[in-house]
Amino acid sequence: MPKLYIEEKYCKGCGICIEFCPVKVLKQSQKMNSRGYFPPESEEMDKCKECGMCSLLCPDFAIVIEE
Ligand code: SF4
Ligand code: SF4
């Protein structure tokens, strides 16, 4: 399973990663981060294609895909 690491404290809740994930495995969590935003989460990471789109498009470099 791909290892997607979301650095929650960097997230500003813009939703770009959620919007552009081609397989729609990300959704907004209900847990607010320290900046008052709701970072993405996923319960379906087994469906992730490791395309890197979320990591590439995140304006705050909050998502890292580990090799
Ligand atoms: S790597 Fe691609 S498929 Fe996986 S969560 Fe990110 S955008 Fe979606
Ligand atoms: S693109 Fe980055 S800043 Fe925007 S919601 Fe996703 S993780 Fe947060």
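Residues are numbered from 1 along each chain as its sequence is written, and chains are lettered from A and ligands numbered from 1 in the order in which they are written. Because the model is predicted, local features need pLDDT of at least 70 and side-chain atom pairs count only at pLDDT 80 or more, while totals for chains, interfaces and linings use all residues.

**Exercise 1. Confidence**

Find the mean pLDDT of the protein chain, then the elements where confidence is lowest and highest.

Step 1. pLDDT is the predictor's confidence in each residue, from 0 to 100. The protein chain averages 94. Of its residues, 99% score at least 70.

Step 2. Confidence is lowest in E1, with a mean of 90. Helix H1 (residues 16–20) has the highest, at 98.

**Exercise 2. Fold and dimensions**

List the elements in order, and compare the radius of gyration with that of a compact globule.

Step 1. Elements are DSSP runs numbered from the N terminus: helices (H or I) have at least four residues, strands (E) at least two. The protein chain has two helices and four strands. The order from the N terminus is β-α-β-β-α-β.

Step 2. The radius of gyration is taken over C-alpha atoms, and the globule rule is 2.2 Å times the number of residues to the power 0.38. For 67 residues, a compact globule would come near 11 Å. The protein chain has 11 Å, so the two agree.

Step 3. The C-alpha trace spans about 30 × 20 × 20 Å along its principal axes.

Step 4. Contact means C-beta atoms, placed from the backbone, within 7 Å. Take the contacts with a separation of 6 or more: 61% of them join residues 24 or more positions apart.

**Exercise 3. Strand E1**

Sort the residues of strand E1 by face, then find its partner strand.

Step 1. In a regular strand, side chains alternate between the two faces of the sheet. In E1 (residues 3–6), Leu4 and Ile6 form the covered face. Lys3 and Tyr5 form the uncovered one.

Step 2. Strands pair if DSSP finds at least two bridges between them. E1 pairs with strand E4 (residues 63–66) over four bridges, in the antiparallel sense. Lysine 3 stands opposite glutamate 66 in E4.

**Exercise 4. Ligand shells**

**Exercise 5. Alanine 62 and tyrosine 10**

Is alanine 62 buried or exposed, and which residues does it touch?

Step 1. Count other C-beta atoms, placed from the backbone, within 10 Å of a residue's own: 20 or more means buried, 12 or fewer exposed, and in between partly exposed. Alanine 62 has 23, so it is buried. Buried residues make up 21% of the 67 in the protein chain.

Step 2. Alanine 62 lies in the loop between H2 and E4. Leaving out residues up to four places away in sequence, alanine 62 touches Ile6, Glu7, Tyr10 and Cys11. Its C-alpha atom is 5.7 Å from that of cysteine 11, 51 residues apart along the chain.

Step 3. Tyrosine 10 sits in the loop between E1 and H1. It has 16 C-beta neighbours inside 10 Å, so it counts as partly exposed. With the same exclusion of residues up to four places away, tyrosine 10 touches Asp60, Phe61 and Ala62.

**Exercise 6. Positive phi**

Where do glutamate 50 and phenylalanine 61 lie, and are they buried or exposed?

Step 1. Most residues other than glycine have a negative phi. Glutamate 50 has a positive phi of about 55°. Phenylalanine 61 also has a positive phi of about 55°.

Step 2. Glutamate 50 is in the loop between strand E3 (40–41) and helix H2 (53–57). It has 12 other C-beta atoms within 10 Å, so it is exposed.

Step 3. Phenylalanine 61 lies in the loop between H2 and E4. With 10 C-beta neighbours inside 10 Å, phenylalanine 61 is exposed.

Definitions and conventions:
Contact = placed C-beta atoms within 7 Å.
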